[in-house]
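This report looks at one protein chain, with its sequence and structure shown below. Please keep both in view while reading.

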Amino acid sequence: MLEPSTYDHYFDYAELIRHLQALQARRPDLVKLDSIGKSYEGRDIWCATVTNTATGPAEEKPAVWIDGNIHATEVSACSAAIYFIDLLTSEHGSDPEITRCLDTRAFYVVP
């Protein structure tokens with residue numbers, strides 16, 4: 001898991017990107033990052049596809065969509081989304097339910 005202090009504050013855009021990239025670097029077999037568009041301010045909107053690629057491509061699995069920060073003042077959802085990715089990637093292979101979920105489903109997370 002990421003450092004416990006990661007979740008004690010709201011993320012700015014640069015920190016969000018660093019966490020997403022760290023999660024992908026830690027588990028490239030489970031996390032793929034793609035920009036799915038641009039924000040009003042011209043920033044990339046990142047989607048993390050989280051699935052076990054060894055059991056098949058994301059496109060062939062049932063999907064779960066999770067997004068945060070729909071509105072500008074609702075900033076806690078971003079932290080929750082990053083935590084969710086962190087939990088999935090940290091527990092895959094040791095928690096049987098999380099392992100089953102990532103082996104059989106694709107999670108699309110847009111923090």
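How do the residues of the lining of the largest pocket divide into nonpolar, polar and charged? There are 13 nonpolar, four polar and six charged residues in this lining. Here Ala, Val, Leu, Ile, Met, Phe, Trp, Tyr, Cys and Pro count as nonpolar, Asp, Glu, Lys and Arg as charged, and the others, Gly among them, as polar.

## Basis of the model

The model is predicted: local features need pLDDT of at least 70, side-chain atom pairs count only at pLDDT 80 or more, and totals for chains, interfaces and linings use all residues. Residues are numbered from 1 along each chain as its sequence is written, and side-chain values use heavy atoms, with hydrogens and water left out.

## The largest pocket

The volume of the largest pocket is about 590 Å³. A pocket is an open set of points on a 1 Å grid over the protein atoms alone, where a 1.4 Å probe fits, with protein on both sides within 12 Å along at least five of seven lines; lining residues have an atom within 4 Å of a point. Grid points are joined across faces, edges and corners, and the volume is the space filled by probe spheres set on the points.

In total 23 residues line this pocket, and Y13, L16, S39, R43 and N69 lie nearest its centre. Helix α1 (13-26) and strand β2 (44-50) each supply at least two residues of the lining. Helices (H or I, at least four residues) and strands (E, at least two) are DSSP runs, numbered from the N terminus.

## The nonpolar core

The largest nonpolar core has 20 residues, of which V50 and I85 touch the most other members. Such a core is a set of buried Ala, Val, Leu, Ile, Met, Phe, Trp, Tyr and Cys residues joined through side-chain atoms within 4.5 Å. Two or more residues come from each of α1, β1 (31-38), β2, α2 (76-91), α3 (96-104) and β4 (106-110). Helix α2 gives the most, with five residues. In soluble globular proteins, nonpolar side chains tend to be buried together.

Leaving out residues up to four places away in sequence, V50 touches residues including V31, I85, L88 and F107. Contact means heavy atoms within 4.5 Å.

## Two threonines

T51 sits in the loop between β2 and β3 (63-67). T51 counts as buried because its relative accessible area is 2%; buried means under 20%, exposed over 50% and partly exposed in between (1.4 Å probe, protein chains only). The side chain of T51 reaches the backbone oxygen of R105 at 2.7 Å.

T99 belongs to helix α3 and is also buried, with a relative accessible area of 16%. Its side chain reaches the backbone oxygen of D95 at 2.8 Å. T99 and T51 are 48 residues apart in sequence, and their C-alpha atoms are 9.5 Å apart in space.

## A tyrosine in helix α2

Y83 lies in helix α2 and is partly exposed, with a relative accessible area of 36%. Beyond residues up to four places away in sequence, Y83 touches M1 and Y7. The C-alpha atoms of Y83 and L2 are separated by 8.5 Å, although these residues are 81 apart along the chain.

Methods. A polar contact is a pair of N or O atoms within 3.5 Å; within protein, one must be able to donate a hydrogen and the other to accept it, and residues adjacent in sequence count only if both atoms are side-chain atoms.
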